[in-house]
Amino acid sequence: MLPPRFFTARLIAGWPGLLFLLALAAAAILVPLSNLVLPPSSPWHVPTHLVVLIGKWLCYALLAIALDLVWGYCGILSLGHGAFFALGGYAMGMYLMRQIGTRGVYGHPVLPDFMVFLNWKELPWYWYGFDQFWFAAIMVVAVPGALAFVFGWFAFRSRVTGVYLSIITQALTFALMLAFFRNDMGFGGNNGLTDFREILGFGVREQGTRAALFAITCAALAAGFLIARWIVTSRFGLVLVAIRDAESRTRFLGYRVDRYKLFVFVVSAMMAGVAGALYVPQVGIINPGEYAPTNSIEAVIWVAVGGRGTLVGAALGAFVVNAFKTWMTGAMPEVWLFALGALFVLVTLFLPKGILGTIRARRRQPAAQPQAATSPAPAPATAEQGP
Amino acid sequence: MLSFLRGIALALMLALGLGAAPAASAQDLAAPLAALVGDDYSAKGEAIEALARMGGPRAAEALKALAEGRLFRRRSDQLVVIAPTSSGGTLTDAATGAAAGSAGDRELEAANLNNRLRRQLAGLIGSLTLTTGTPAERRAAAEALFKQRDPAGLPALTAAIAQEKDAGVRAAMEMARAAIVLSSDAPEAERIAAAATVGARSDREALGLLLSVAGGAPPAVAEAARTSAAAIERHLAMLDYAQNLYYGLSLGAVLLLAAVGLAVTFGVMGVINMAHGEMVMLGAYTTFVVQELCRTSAPALLDYALFIALPAAFLVTAAVGALLERSVIRWLYGRPLETLLATWGLSLVIQQAVRSVFGPTNREVSNPSWMSGAVDFYGLTLTWSRLWIIVFAVLVFVLLLVVLRRTAFGLQMRAVTQNRPMASSMGIRTHRVDMLTFALGSGVAGIAGVALSQIDNVSPNLGQSYIIDSFMVVVFGGVGNLWGTLAGAMTLGIANKLLEPVAGAVLGKIIILVLIILFIQRRPRGLFALRGRAVEA
């Protein structure tokens, strides 16, 4: 049994974490309750579309935490985390497709509709097992984890770092997008997987199922947060931060930098996979567009806005930016891309530590040495730059 | 069968007639011509045969006119005349070829035909043209015979070969003859020889003929046909390969244009400019604007609008680049990941700005006349636009090399690349060099946009489709070395196009991306890596 201090001092550590967990717990209980119990006329009633929308943001928040874990704490700027998210989503989507059974348009007992449409005679081997939920659940973490392992093993061992790594992660998700757009890949091509009916016997479009999925997403986000906290507060996490700040020096001190990076990259990819898996049944579709490099880079801006290296901030950023996006694409859609672009520029220029990071730095200022200790000024242009 | 025999007889007569009486006199022509415009169809048939037997340019002309409905009887004087169109015009006397005034179709009575006569005419005219037309017409007639492979044409063809002077036309005729012999039931030895002759003509037409013969001929002939067909297939495969190589070269040139500016900014400043693709896009839109201005105010210049667009695009994008460097990128030096994000944001803004000004749809940029069309080069189709882009890419590359190696600015740039603090202490204004370098890289991107506007759709998304490829080129080639960019662009371009027919366009692209990812593992800093202390930051 772990001592209580383990939770208070290490995992929660301070008011943002505490507030975050409390808010999640409250949301997990209150939102489904209000949606299911209160009558639609009540002012406290949360309509179903809002439950779905917030559930979607919660999934994004989990993706943001996964990204913050590698970027904020280990300096790996992945522009391809959307790929892991989408892979998890596809694993879940494949399970949901198999659950449709004979209720599809063509009523084939085994083959999903798009395969019948493409005149396929039997199920491709990689679709086997996805009729079982436990198998799909394993694949949700195993597939992104395996890809991250193979990719990271190659990349980190040969010391591909910095922008080079960013660019090839972007190429990775781009390649996957092209691949999944192909019909003969067997993942529904352009249209992706959709028209889901049931998850574990419950109708995906039913109010109760949606409320339950919402609560589960809250729990997953909290779990993801705690796992990430646990990693970054351990000795292991300290090495990660050391790698972020001075990779060569850490290596010279005798740490196997590539293994640390690989571990945290794989964990992060699995977390992203879970986020994707929770996203798909709520949204009701997964298509190759999720692999678009734009999606991955948008996830990066959530983390940047909220404050990288803060975890709670990443989740907060995902929420804030997506709420902003939802409002703006509804109110003035033509301005949204200007706003998003400006967000990228302004945050990097004026808010390099993000919302939470800036608040945190302000609070610490009186105690520690002002400025220099907490916020190293941007390196001057005269500094030697690695390409 | 009967018509077949008659055809042979006719052709024989024709051939003999050609030898004996090269041209008939006007008097000889008069009677059959009169019959042609008469009402008796069997008399017409005989008249056609008679004319064919006489031969000569006048007879051929008359028969051709008859087939095309341009042979008339003039109502006023019953003269048989030929008009330029089926509705009259300037007339010529069919018998003498002399001018005969002009008339509309009201004053003329057309010579009617039925289907049997039309068939008869078609065969005869082909044979007649073989001997009487211009060299180009004779060659076309031989080509037509090669395609029809009508055995009836064989005797006429043989006769025509005997008197043909032009070597090229004779070769075409012999080819047609071989094709006819090959598909007829001539003796085996002749057919085998014919198969070899047809095999020398290495195109799909000949391949089709040989393969069809190989299917149902006696074994020896089939064997010869198969051998020839295999040779043609090899030749065609080579041609395909060369064509793909050319496409690859032109794609490589496009990639080089798009990536070389990126190589400058990335190599010298370590700045990842995600808005580079948008600079290309701005260049393309500048071309569009220049072209529209030319169209409305100086149509004479339209063909040379590109030459105006080149400096314009360079200036526009260089100015935008300098502005971005001064306003945003300058503050982010030393933080490459943040630069990446900020420039991505800038790219979104630029894209959306262009979308609101020019609209989201594709804009039409026309090719100047000297860039449209294609040239045939030993069976390869080389389109002018792609050829020019290859030339242009090489020019830009050389120019950039000269700027970097032979100018004071280039020297300063290289100094800053190699050792920034040292360059600074030697009195080089590194900030200014940074700005100018960024402007130069952006300007080159703008020039690339001018070239791309000729082969790609000019839309706000133009840049995005090139940015990942450009980065792949730079990462693959290695930074800080233009030769690396050249090697990277050409390798990727050619590999892409050679993989395309084997694996399909999308899969080919995926394979390339995976190969690059693997390659980066082996050589994390690209093909032509910078060496030395500067490498490890």
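Predicted model: local features only at pLDDT ≥ 70, side-chain atom pairs only at ≥ 80, totals over all residues.
Me: At what angle do helix 3 and helix 13 of chain A pack, and how far apart are their axes?
Reply: The angle is about 140°, and the axes are 8 Å apart. Helix 3 covers residues 48–74 of chain A, and helix 13 covers residues 312–331. That angle makes helix 3 of chain A oblique to helix 13 of chain A.

Me: Which residues in helix 3 of chain A meet helix 13 of chain A?
Reply: Among them are A:Leu53, A:Trp57, A:Tyr60 and A:Ile65. On the helix 13 side, the residues include A:Ala314, A:Gly317, A:Phe319 and A:Asn322.

Me: And how do the residues of that contact divide into nonpolar, polar and charged?
Reply: The contact of helix 3 with helix 13 in chain A has 11 nonpolar, 3 polar and 1 charged.

Me: Switching topic. How many residues of chain A are in contact with chain B?
Reply: 48 residues of chain A are in contact with 50 residues of chain B.

Me: Which elements give two or more residues to the side of chain A that touches chain B?
Reply: Four helices of chain A are listed: helix 6 (133–157), helix 7 (162–181), helix 12 (293–306) and helix 14 (336–350).

Me: Which of them gives the most?
Reply: Helix 7 of chain A does, with 14 residues.

Me: What is that side like by class?
Reply: The side of chain A that touches chain B has 34 nonpolar, 10 polar and 4 charged residues.

Me: Now chain B. How many helices and strands are in its secondary structure?
Reply: Chain B comes to 21 helices and 7 strands.

Me: What share of chain B counts as buried?
Reply: 49% of its 537 residues do.

Me: What about contacts in chain B between residues 24 or more positions apart?
Reply: They account for 69% of the chain B contacts with a separation of 6 or more.

Me: Last one. Where is A:Arg5?
Reply: A:Arg5 is in helix 1 of chain A, residues 4–12.

Me: How far is A:Arg5 from A:Val163?
Reply: They are 158 residues apart in sequence and 39 Å apart in space, C-alpha to C-alpha.

Key. Residues numbered from 1 in each chain as written. Chains lettered and ligands numbered in written order. Buried ≥ 20, exposed ≤ 12 C-beta atoms within 10 Å, placed from the backbone. Contact = placed C-beta atoms within 7 Å. Axes fitted to C-alpha atoms, helices over the stretch in contact; angles between N-to-C directions. Parallel < 35°, antiparallel > 145°, perpendicular 65-115°, else oblique. Nonpolar A, V, L, I, M, F, W, Y, C, P; charged D, E, K, R; others polar.
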